[in-house]
Amino acid sequence: MTAPAAPAPARSATCQGWWHDAVIYQVYPRSFADSDGDGRGDLPGIRSRLGYLRELGVDALWISPFYTSPQADGGYDVSDYRAVDPVYGSVADAEALIVDAHAHGLRVVVDLVPNHCSDDHPWFRQALREGAGSPLRDRFHFRPGRGPNGELPPNDWISLFGGPAWTRSTEPDGTPGEWYLHLFAPQQPDFDWDSPAVRDEFRTILRFWLDLGVDGFRVDVAHGLVKAAGLPDVGHHEQLELLAEKRVPYFDQDGVHEIYRDWRTILEEYGDQRIAVAEAWTDTLERTARYVRPGELHQAFNFKFLNAAWEAEELRELITLSLDSMLAVDAPTTWTLSNHDVVRHASRYADGDPARGTRRARAAALLMLALPGSAYLYQGEELGLPEVEDLPDEVRQDPSFRRPDGGNGLRDGCRVPLPWSGTEAPYGFGPATTAPTWLPQPARWAELSVEAQSGDPRSVLELYRSALRLRRDHPALGAGRAVEWREPVPGVLAFRRDSEAGALVCAVNTSDRPAPIDAEGLGDLLLWSAEPPATDATGAVLLPPDSTAWWQAR
């Protein structure tokens, strides 16, 4: 089967490439749609719901890993990068999905996991089987231990999932052997990117999926491939988050950029519309911008925006810095509110009040979709899904939940399967005879299903559909490099976006009381996240608390 040409950009006249203004929808495949009734989502399930994504109004989908994997970390422990795990289908299913997505006018970005693999990967298994001195060990970070008998880890690095970032191997004769590095779970050994074999392998992996027709790659842990020479100690035993405020010797080393310049040449062998997106957690936006310099990757996630407080002044400063940082390297800015690794923003913004969380989530969505650049949506946010915070311990899958000194396993709470229809679980997630979903769905989700929200003008789903329709049609939205800030008002950020064919004003009230907005320059009200703004006796426009509105600008 040969994949047809990918769809043309929606506004090709206004941007250099489709990714400059694309809205990209993240699909976590195990939790999106189940075609065979086993309680786990799969590629045919995604394929069956492409019409929904087209109607929603997105431009592309990014699919989290579906490669062959023991699933120690939700598929981010890959044992075969050129095969599809039977849980999700087959390579033929992947190719059919790509073909159908293109026929629906959607592009397909797939996850690439180059920092580490599974301990079930053939290379790693052979390295263990052959013992110390095996040439295969050069493809990973095997090191002798410290201490009189090598009983201590080679350095003081801590895993992101808790505990030491090193596990001691066992030699073929059963004696304790060398240690291997894993920045995440012990089942995820890190590759050593100084190895020519590793670099060659990923060149062929890129070409394999490009030949199948994918439009790009989301590069997992893009900042982690290269470690500082000698693997020096950090100097403390604090567990770091991905978005660390300090540089460490295993993240954001300058050597990663040589790798991405090499990958860019491979992408350009397939024309100028295939892309790569960096998941690069850096301490500053200026460091993030280095991943999207000319000749490197095309986009980088803006995690500073994702982690920002619901506070007007902070958001304004961060938006300005984000735009300026990407403008300096001639790259588009990206915006995202949630993903598969963080608490859903409807719950993050709640501060203990679910209704407040929903109001703020609606407002934040309109803010994000009004900003210049590309936006990423995480499946279910268009339904206003909250975090599921009461999952029983026995069903949790997040490996950090089981690790000493690890996390709380809350990544599971944002990965619960979607509700599509009906009043009882599994809410249309799979066939009527389906097995229980791999994570249980809350009973309260019946009212949040796609079916329940479709056609209801007050629903979160219809708000997203309206916003995405306007974003596609309005000439001032989408691609761009700057906003024109309006006079600041406490608790409010407001900006204007101009184009030759029209202009738009977006105003956001992050406070808990109505806020006055200068009516000068405001035309017709286009869209609002809560109640429509009112006008007081002085002629000022009053924007409701925790809300956003768009106006046609005069």
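A residue counts as exposed when its relative accessible area is over 50%, as buried when that area is under 20%, and as partly exposed in between. Proline 294 has a relative accessibility of 67%, so it counts as exposed. The model is predicted.

**Largest cavity**

- The whole structure holds 7 cavities of 30 Å³ or more.
- The largest cavity has a volume of about 80 Å³.
- Its lining includes Arg344, His345, Ala346, Thr358, Ala361 and Arg362. Glu381, Gly384, Leu385, Val460 and Tyr464 also line the largest cavity.
- Three helices each supply at least two residues of this lining: H10 (345-348), H11 (354-370) and H13 (460-473).
- H11 gives the most to the lining of the largest cavity, with 3 residues.
- By class, the lining of the largest cavity has 5 nonpolar, 3 polar and 3 charged residues.

**Helices H11 and H13**

- The axes of H11 and H13 come within 10 Å of each other and cross at roughly 10 degrees.
- H11 is therefore roughly parallel to H13, as angles under 35 degrees count as roughly parallel.
- On the H11 side, the contact is made by Thr358, Arg362, Ala365, Leu366, Met368 and Leu369. On the H13 side, Val460, Leu463, Tyr464, Ala467, Leu468 and Arg471 take part.
- The contact of H11 with H13 has 9 nonpolar, 1 polar and 2 charged residues.
- Thr358, Arg362, Val460 and Tyr464 belong to this helix contact and also to the lining of the largest cavity.

**Second largest pocket**

- The second largest pocket has a volume of about 580 Å³.
- It is lined by 27 residues, and Pro354, Ala355, Thr358, Gly384 and Leu448 are the closest to its centre.
- H10 and H11 are the elements that give two or more residues to the lining of this pocket.
- H11 gives the most to the lining of the second largest pocket, with 5 residues.
- The lining of the second largest pocket has 9 nonpolar, 7 polar and 11 charged residues.
- Thr358 and Gly384 line the largest cavity, and both are among the residues closest to the centre of the second largest pocket.

**Lysine 227**

- Lysine 227 sits in the loop between strand E9 (216-219) and helix H6 (256-268).
- Its relative accessible area is 9%, so lysine 227 is buried.
- Beyond residues up to four places away in sequence, lysine 227 touches Asn115, His141, Trp157, Leu181, Leu183, Asp190, Phe191, Pro249, Tyr250 and Gln253.
- Phenylalanine 251 is 24 residues away along the chain, and its C-alpha atom is separated from that of lysine 227 by 6.8 Å.

**The loop between E13 and H12**

- Alanine 425 and proline 426 are joined by a cis peptide bond, with omega about 15 degrees.
- Proline 426 lies in the loop between strand E13 (374-378) and helix H12 (450-453).
- Tyrosine 427 lies in the loop between E13 and H12 too.
- Tyrosine 427 is not a glycine, yet its phi is positive, near 55 degrees.
- Tyrosine 427 counts as buried because its relative accessibility is 2%.

**Glutamine 71**

- Glutamine 71 also has a positive phi without being a glycine, at about 65 degrees.
- Its place is the loop between strand E3 (67-68) and strand E4 (80-84).
- With a relative accessible area of 17%, glutamine 71 is buried.

**Aspartate 38**

- Aspartate 38 is in the loop between strand E1 (23-27) and helix H1 (43-48).
- A relative accessible area of 25% makes aspartate 38 partly exposed.
- Setting aside neighbours within four places in sequence, aspartate 38 contacts Val87, Thr434, Ala435 and Pro436.
- Aspartate 38 and valine 91 are 53 residues apart along the chain, and their C-alpha atoms are separated by 19 Å.

**Proline 294**

- Proline 294, the exposed residue of the opening, lies in the loop between helix H7 (285-289) and strand E11 (299-300).
- The C-alpha atoms of proline 294 and proline 417 are separated by 39 Å, and the two residues are 123 residues apart along the chain.

Conventions: Residues numbered from 1 in each chain as written. Predicted model: local features only at pLDDT ≥ 70, side-chain atom pairs only at ≥ 80, totals over all residues. Heavy atoms only, no water. Helix = DSSP H or I, 4+ residues; strand = E, 2+ residues; numbered from the N terminus. Buried < 20%, exposed > 50% of the residue type's maximum accessible area, 1.4 Å probe, protein only. 1 Å grid on protein atoms, 1.4 Å probe; cavity = no way out; pocket = protein on both sides within 12 Å on 5 of 7 lines; lining within 4 Å. Points joined across faces, edges and corners; volume = space filled by probe spheres on them. Nonpolar A, V, L, I, M, F, W, Y, C, P; charged D, E, K, R; others polar. Axes fitted to C-alpha atoms, helices over the stretch in contact; angles between N-to-C directions. Parallel < 35°, antiparallel > 145°, perpendicular 65-115°, else oblique. Contact = heavy atoms within 4.5 Å.
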